[in-house]
Amino acid sequence: MNGADDRVLIVGAGPVGLCLALKLAQLGVASAVFEQLADENFLDQVPRAGTNHPATLEMYDDIGLYKRLEPRGIIAPLFQYWDRAKGEMIAEFDHAVLKDDTRFAFALQCERIKIVEEALAMAKDNPLIDVRMATEFVGFSQDADGVTALVKNPGGETEAVRGRYIVSAEGARSIVRKECGIEFEGFTYADRTLNIEVAYDFKQHGYTDRNYISDPEEWSNLFHWKGPPERWRVHFPTKPEEEPEALMAPEAMQKRLQGFLATGRPFNIVGCNLYTVHQRVAENFRVGRALLAGDSAHVNSPIGGMGLNSGVHDAFNLAEKLAAIWRGETDESVLDRYERQRRHIAVEHTQLQTIRNKKLLQEKDPAVRQKNHDELRRAASDPKLAREFLLRSALINSVREAAQIP
Ligand SMILES: Cc1cc2nc3c(=O)[nH]c(=O)nc-3n(C[C@H](O)[C@H](O)[C@H](O)COP(=O)(O)OP(=O)(O)OC[C@H]3O[C@@H](n4cnc5c(N)ncnc54)[C@H](O)[C@@H]3O)c2cc1C
């Protein structure tokens, strides 16, 4: 293969594509990253992920990204479960019990948009990463020596770009996945989630930076984001038949917020969006020289903040294996191990845990609710049980378990 083409082609400059490019570069492997958005509109993306768990913070730190994110985020050692009907906190978990498991005994509340802004700046500065903005990936082919990606460059012309492997980090609508004929198995929830951003200090009511609020009629999540202006994001379920315009009408959102917390004064709403939640995992993460990572390989409900985190874990796992191939230490079969390890985690950890998280918050049976709440209280009040709970929710267990899979 021609020296300049001896690189990894990465589709998508989301958190997964950029972390992959940065980790590969650290290991001496060149890449080209194709991003359909241009510099001018890259930061206009809708608000999404934001809770970064300890296992992910260790990875950010490894590539020098953490130190750029910490000043832009909120260090959040605590998270709470609440019972909305009773207006009381059920349980509070403190990451401090993980002090012997990780040097990051906290989550970092730092939005996806800040992560990609910082990671993109680092990627552009790295001579081993060729970042191509305003470049839309449209298809690819592969042969015995490598892959050819077809991209529409900023001038609107179609260009063929060669590389040794292609990684789809292009999100849930992955063209690579579709072209490989890989099934995206799972289901889509009928109820969409309404996200409302407000400038209001919820801490005065006892909430911490991350809160999961259970309610048989209207569960919610409440998260704090660093400003300026300081913002809180509240997630609500909606009925499938409700129209987006009606759901996002200012008076309807005020009514919903007052139902959640009656302050008697209108909330300062600074943004809103509505999203559909899928629980799906790709049947395969690899077809020859094409690999899937992040949302193109698996999608899940955001309750528990696991999508971006587990996608970044895919990126690091894959980068290490690709780099070992580059160094001639192993053959391509190591990429099947990537699929075995990361697909197992997607199915057995991320899917199960996020489906369980949603069920827990929306449970209607009073006896089951009581039992769930008692279990949470017991786990939070016993340091051994709390550590076990947090090792799972902080995704430390999933990284350890993946490493054991041959
Ligand atoms: C409301 C909400 C809250 C969430 N909260 C959390 C949370 O707290 N924690 C968590 O871990 N996860 C959370 N998630 C999930 C998280 O946002 C995703 O898992 C994560 O963004 C996936 O990253 P990615 O890099 O795989 O894909 P994406 O973030 O979707 O990035 C894909 C990139 O590829 C580009 N692209 C797409 N198609 C093409 C193409 N054809 N050509 C070139 N470029 C292309 C896109 O423009 C984009 O830049 C949340 C999701 C939602 C909706």
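**Helices and a glycine, question by question**

Helix α4 (residues 112–124) has 13 residues and spans 18 Å from its first C-alpha to its last, close to the 18 Å expected at 1.5 Å a residue. This is a predicted model, where local features need pLDDT of at least 70, side-chain atom pairs count only at pLDDT 80 or more, and totals for chains, interfaces and linings use all residues. Residues are numbered from 1 along each chain as its sequence is written, and side-chain values use heavy atoms, leaving out hydrogens and water.

Q: What makes 18 Å the expected reach of α4?
A: The expected span of a helix is 1.5 Å times one less than its number of residues. Helix α4 has 13 residues, and its reach is close to that 18 Å.

Q: Why is G294 called buried?
A: Buried means under 20% relative accessible area (exposed is over 50%, partly exposed in between, with a 1.4 Å probe and protein chains only). G294 has 0%, so it's buried.

Q: What is G294 in contact with, leaving aside its neighbours within four places in sequence?
A: V16, G311 and D314; contact means heavy atoms within 4.5 Å.

Q: Why is α10 called roughly perpendicular to α11?
A: Helix α10 (residues 366–381) and helix α11 (residues 383–393) pack at about 105°. Angles of 65 to 115 degrees count as roughly perpendicular, under 35 as roughly parallel, over 145 as roughly antiparallel and the rest as oblique. So α10 is roughly perpendicular to α11.

Q: Which residues of α11 make the contact with α10?
A: P383, L385, A386 and F389 of α11 meet L376, R378, A379, A380 and S381 of α10.

Conventions:
Axes fitted to C-alpha atoms, helices over the stretch in contact; angles between N-to-C directions. Helix = DSSP H or I, 4+ residues; strand = E, 2+ residues; numbered from the N terminus.
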